[in-house]
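Subject: Structure handover

Hello,

Here is the structure for your set. My notes on what turned up follow below it.

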Amino acid sequence: MEQNNTLTASDPYYENLPAYMTEVYEWAYVNPEKVRLLDHNIVVRVLLFFNDQRLMRAYLNEIKEGMRVWQVAHVYGDLVKRVAEKIGPQGAFHLTDITPIQIEHAERKLADKPWCKVVRCDAADFTGEGDIDYDVICSFFLLHEVPDDKKYQIVDHILKKLPKNGKAIFVDYANPAKWQPIRYILKIVNHLLEPFAEALWKNEISHYASDAHKYVWEKKTFFGGVYQRVIVRHKD
(Lines give C-alpha, C1' and ligand atoms only; values in the text may rest on other atoms or scores of the structure.)
Protein backbone atom coordinates (compact mmCIF):
# COMPACT_ATOMS: atom_id res chain seq x y z
CA MET A 1 0.00 0.00 0.00
CA GLU A 2 1.35 3.44 -0.91
CA GLN A 3 2.01 5.69 2.08
CA ASN A 4 0.69 9.23 2.27
CA ASN A 5 3.59 11.49 3.31
CA THR A 6 1.60 14.71 3.26
CA LEU A 7 2.14 16.72 6.42
CA THR A 8 -0.62 18.58 8.19
CA ALA A 9 -0.68 21.50 10.61
CA SER A 10 -0.86 19.04 13.51
CA ASP A 11 2.48 17.44 12.58
CA PRO A 12 5.28 18.11 15.12
CA TYR A 13 7.34 19.80 12.41
CA TYR A 14 4.71 22.55 12.30
CA GLU A 15 4.28 22.91 16.04
CA ASN A 16 4.18 26.45 17.46
CA LEU A 17 5.34 28.15 14.28
CA PRO A 18 4.35 31.72 13.35
CA ALA A 19 1.86 31.99 10.51
CA TYR A 20 4.35 33.49 8.06
CA MET A 21 6.54 30.38 8.35
CA THR A 22 3.78 27.96 7.41
CA GLU A 23 2.00 30.22 4.93
CA VAL A 24 5.01 31.66 3.09
CA TYR A 25 8.05 29.49 3.78
CA GLU A 26 6.66 26.00 4.29
CA TRP A 27 8.33 24.90 1.05
CA ALA A 28 11.74 26.21 2.07
CA TYR A 29 12.21 25.81 5.81
CA VAL A 30 9.45 23.74 7.40
CA ASN A 31 8.63 20.64 5.37
CA PRO A 32 11.34 18.07 6.19
CA GLU A 33 11.33 16.42 2.78
CA LYS A 34 11.86 19.71 0.99
CA VAL A 35 14.48 20.83 3.50
CA ARG A 36 16.51 17.69 2.82
CA LEU A 37 16.57 18.62 -0.86
CA LEU A 38 17.65 22.19 -0.19
CA ASP A 39 20.27 21.78 2.55
CA HIS A 40 23.32 21.50 0.28
CA ASN A 41 26.18 23.82 -0.58
CA ILE A 42 25.36 23.82 -4.28
CA VAL A 43 21.83 25.07 -3.57
CA VAL A 44 23.19 27.94 -1.47
CA ARG A 45 25.69 28.77 -4.20
CA VAL A 46 23.05 28.97 -6.91
CA LEU A 47 20.56 30.93 -4.77
CA LEU A 48 23.24 33.51 -3.98
CA PHE A 49 24.36 33.79 -7.62
CA PHE A 50 27.76 32.26 -6.75
CA ASN A 51 28.48 34.89 -4.10
CA ASP A 52 28.15 32.38 -1.26
CA GLN A 53 31.84 32.17 -0.34
CA ARG A 54 32.33 35.92 -0.40
CA LEU A 55 29.33 36.46 1.85
CA MET A 56 30.30 33.70 4.24
CA ARG A 57 33.79 35.20 4.54
CA ALA A 58 32.19 38.53 5.44
CA TYR A 59 30.96 36.74 8.57
CA LEU A 60 33.78 34.26 9.15
CA ASN A 61 36.48 36.93 8.94
CA GLU A 62 34.98 38.61 12.01
CA ILE A 63 35.38 35.47 14.13
CA LYS A 64 38.49 34.44 16.01
CA GLU A 65 39.34 31.27 17.87
CA GLY A 66 37.89 31.17 21.37
CA MET A 67 35.09 33.65 20.70
CA ARG A 68 31.54 33.28 21.99
CA VAL A 69 29.12 33.50 19.09
CA TRP A 70 25.36 33.46 18.77
CA GLN A 71 23.96 32.84 15.28
CA VAL A 72 20.27 33.67 15.21
CA ALA A 73 19.13 31.11 12.60
CA HIS A 74 20.36 27.95 10.90
CA VAL A 75 21.80 28.33 7.39
CA TYR A 76 21.80 25.69 4.66
CA GLY A 77 25.09 24.16 3.61
CA ASP A 78 28.24 23.94 5.73
CA LEU A 79 28.38 27.47 7.14
CA VAL A 80 27.49 26.52 10.71
CA LYS A 81 30.20 23.84 10.73
CA ARG A 82 32.75 26.34 9.47
CA VAL A 83 31.78 28.85 12.15
CA ALA A 84 32.04 26.20 14.85
CA GLU A 85 35.42 24.99 13.60
CA LYS A 86 36.84 28.51 13.52
CA ILE A 87 35.65 29.20 17.07
CA GLY A 88 37.12 25.94 18.34
CA PRO A 89 36.69 24.17 21.69
CA GLN A 90 37.96 27.14 23.69
CA GLY A 91 34.94 29.16 22.60
CA ALA A 92 31.18 28.70 22.45
CA PHE A 93 28.77 28.61 19.54
CA HIS A 94 25.05 28.94 20.19
CA LEU A 95 22.68 28.51 17.27
CA THR A 96 18.96 29.22 17.45
CA ASP A 97 16.13 28.51 15.07
CA ILE A 98 12.35 28.38 15.37
CA THR A 99 11.62 25.38 13.13
CA PRO A 100 12.02 21.76 14.30
CA ILE A 101 13.54 20.47 11.06
CA GLN A 102 16.18 23.22 11.08
CA ILE A 103 17.08 22.24 14.64
CA GLU A 104 17.48 18.62 13.50
CA HIS A 105 19.81 19.57 10.66
CA ALA A 106 21.86 21.90 12.84
CA GLU A 107 22.25 19.29 15.58
CA ARG A 108 23.42 16.73 13.05
CA LYS A 109 26.03 19.09 11.62
CA LEU A 110 27.36 20.09 15.05
CA ALA A 111 27.02 16.74 16.86
CA ASP A 112 30.79 16.19 17.18
CA LYS A 113 31.47 19.66 18.58
CA PRO A 114 30.63 19.84 22.28
CA TRP A 115 31.27 23.59 22.45
CA CYS A 116 28.19 24.09 20.29
CA LYS A 117 24.59 24.21 21.46
CA VAL A 118 21.47 24.31 19.30
CA VAL A 119 18.35 25.85 20.83
CA ARG A 120 14.85 25.99 19.42
CA CYS A 121 13.84 29.60 19.96
CA ASP A 122 12.53 32.67 18.19
CA ALA A 123 15.43 35.01 17.41
CA ALA A 124 13.51 37.83 19.08
CA ASP A 125 13.13 35.92 22.36
CA PHE A 126 16.43 34.11 22.97
CA THR A 127 17.60 34.75 26.51
CA GLY A 128 21.05 33.24 26.04
CA GLU A 129 22.78 30.27 27.57
CA GLY A 130 24.09 30.92 31.06
CA ASP A 131 25.76 34.25 31.73
CA ILE A 132 27.65 34.39 28.44
CA ASP A 133 28.33 37.74 26.84
CA TYR A 134 28.61 37.13 23.11
CA ASP A 135 31.59 38.51 21.24
CA VAL A 136 29.69 38.18 17.96
CA ILE A 137 25.98 37.92 17.17
CA CYS A 138 25.18 37.15 13.55
CA SER A 139 22.03 37.28 11.46
CA PHE A 140 22.90 35.61 8.14
CA PHE A 141 20.11 36.10 5.59
CA LEU A 142 17.30 36.10 8.14
CA LEU A 143 15.89 39.64 8.11
CA HIS A 144 14.63 39.54 4.51
CA GLU A 145 12.51 36.52 5.38
CA VAL A 146 10.50 37.98 8.24
CA PRO A 147 7.69 40.59 8.30
CA ASP A 148 8.57 44.16 9.25
CA ASP A 149 7.25 43.90 12.81
CA LYS A 150 9.52 40.89 13.33
CA LYS A 151 12.48 42.74 11.80
CA TYR A 152 12.11 45.42 14.48
CA GLN A 153 11.90 42.80 17.22
CA ILE A 154 14.90 40.82 16.03
CA VAL A 155 17.20 43.81 15.49
CA ASP A 156 16.29 45.35 18.84
CA HIS A 157 16.78 42.04 20.64
CA ILE A 158 20.17 41.44 19.04
CA LEU A 159 21.32 44.90 20.09
CA LYS A 160 19.92 44.38 23.56
CA LYS A 161 22.06 41.23 23.87
CA LEU A 162 25.16 42.93 22.49
CA PRO A 163 27.78 43.69 25.16
CA LYS A 164 29.83 46.88 25.08
CA ASN A 165 32.81 45.22 23.41
CA GLY A 166 30.83 42.94 21.09
CA LYS A 167 29.70 43.28 17.50
CA ALA A 168 26.57 42.33 15.63
CA ILE A 169 26.85 41.21 12.01
CA PHE A 170 24.01 41.33 9.52
CA VAL A 171 24.54 39.71 6.13
CA ASP A 172 21.52 40.03 3.88
CA TYR A 173 20.03 41.49 0.72
CA ALA A 174 20.30 45.21 0.02
CA ASN A 175 19.05 47.53 -2.74
CA PRO A 176 20.60 46.41 -6.05
CA ALA A 177 21.85 49.07 -8.42
CA LYS A 178 19.51 49.73 -11.32
CA TRP A 179 22.21 48.61 -13.78
CA GLN A 180 22.49 45.25 -12.00
CA PRO A 181 20.43 42.71 -14.02
CA ILE A 182 19.99 40.54 -10.92
CA ARG A 183 17.77 43.32 -9.56
CA TYR A 184 15.06 42.40 -12.06
CA ILE A 185 15.37 38.68 -11.47
CA LEU A 186 14.96 39.30 -7.75
CA LYS A 187 11.92 41.46 -8.42
CA ILE A 188 10.19 38.41 -9.87
CA VAL A 189 11.48 36.06 -7.15
CA ASN A 190 10.38 38.43 -4.41
CA HIS A 191 6.94 38.82 -5.93
CA LEU A 192 6.45 35.06 -6.09
CA LEU A 193 8.34 33.76 -3.05
CA GLU A 194 9.85 36.47 -0.81
CA PRO A 195 7.16 39.01 0.12
CA PHE A 196 9.18 40.57 2.96
CA ALA A 197 12.50 40.96 1.16
CA GLU A 198 12.12 44.31 -0.56
CA ALA A 199 11.75 46.10 2.74
CA LEU A 200 15.57 45.89 2.81
CA TRP A 201 15.65 47.65 -0.56
CA LYS A 202 13.79 50.57 0.96
CA ASN A 203 15.21 50.65 4.49
CA GLU A 204 18.65 50.44 6.02
CA ILE A 205 19.00 47.77 8.70
CA SER A 206 19.53 50.59 11.20
CA HIS A 207 15.95 51.66 10.45
CA TYR A 208 14.79 48.65 12.48
CA ALA A 209 16.72 49.64 15.61
CA SER A 210 14.84 51.70 18.19
CA ASP A 211 18.07 53.33 19.41
CA ALA A 212 20.14 53.30 16.23
CA HIS A 213 21.94 56.49 17.29
CA LYS A 214 23.64 54.63 20.13
CA TYR A 215 25.59 52.43 17.70
CA VAL A 216 28.12 52.65 14.91
CA TRP A 217 26.82 51.08 11.67
CA GLU A 218 29.51 49.96 9.21
CA LYS A 219 28.02 48.90 5.87
CA LYS A 220 29.64 47.22 2.88
CA THR A 221 27.80 46.12 -0.25
CA PHE A 222 28.58 43.35 -2.71
CA PHE A 223 27.68 42.36 -6.27
CA GLY A 224 26.34 45.70 -7.43
CA GLY A 225 24.39 46.32 -4.24
CA VAL A 226 22.55 43.00 -4.23
CA TYR A 227 23.99 42.08 -0.83
CA GLN A 228 25.19 43.89 2.26
CA ARG A 229 27.24 43.21 5.36
CA VAL A 230 26.59 45.52 8.27
CA ILE A 231 28.71 45.45 11.42
CA VAL A 232 27.24 47.15 14.47
CA ARG A 233 29.14 48.23 17.56
CA HIS A 234 28.33 50.36 20.57
CA LYS A 235 29.56 53.91 20.38
CA ASP A 236 32.45 54.63 22.72
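Phenylalanine 140 is in contact (heavy atoms within 4.5 Å) with Leu55, Met56, Tyr59, Val75, Leu79 and Val171, leaving aside neighbours within four places in sequence. This is a predicted model: local features need pLDDT of at least 70, side-chain atom pairs count only at pLDDT 80 or more, and totals for chains, interfaces and linings use all residues. Residues are numbered from 1 along each chain as its sequence is written, and side-chain values use heavy atoms, with hydrogens and water left out.

The core: a nonpolar core is a set of buried Ala, Val, Leu, Ile, Met, Phe, Trp, Tyr and Cys residues joined through side-chain atoms within 4.5 Å. Buried means under 20% relative accessible area, with a 1.4 Å probe and protein chains only. The largest nonpolar core has 81 residues. Tyr59, Phe93, Phe140 and Phe170 touch the most other members.

The strands: helices (H or I, at least four residues) and strands (E, at least two) are DSSP runs, numbered from the N terminus. Strands pair if DSSP finds at least two bridges between them. β4 (residues 136-140) and β5 run parallel, joined by five bridges. Phenylalanine 140 has valine 171 as its bridge partner in β5. From β4 the chain passes through helix α8 (residues 148-161) to β5, a right-handed β-α-β crossover (clockwise from the first strand over the helix to the second, with the strands pointing away from the viewer). On β5 (residues 167-173), seven of seven residues are buried. β5 also runs antiparallel to β7 (residues 227-234), with six bridges. There, isoleucine 169 is partnered with isoleucine 231.

The aromatics: rings of Phe, Tyr and Trp (its six-membered ring) pair if their centres lie within 6.5 Å; planes under 30 degrees apart count as stacked, over 60 as edge-to-face and the rest as tilted. The whole structure holds 13 aromatic pairs. Tryptophan 70 and phenylalanine 126 form a tilted one, 4.8 Å centre to centre with 45° between the planes. Tryptophan 70 sits in strand β1 and phenylalanine 126 in the loop between β3 and β4, 56 residues apart. Tryptophan 70 is buried, at 0% relative accessible area. Phenylalanine 126 is buried too, at 1%. Phenylalanine 141 and tyrosine 227 pair edge-to-face, at 5.9 Å and 75°. Both of these residues are buried. One aromatic cluster consists of Tyr59, Phe140, Phe141, Tyr173, Phe223 and Tyr227.

Best wishes

Notes
Buried < 20%, exposed > 50% of the residue type's maximum accessible area, 1.4 Å probe, protein only.
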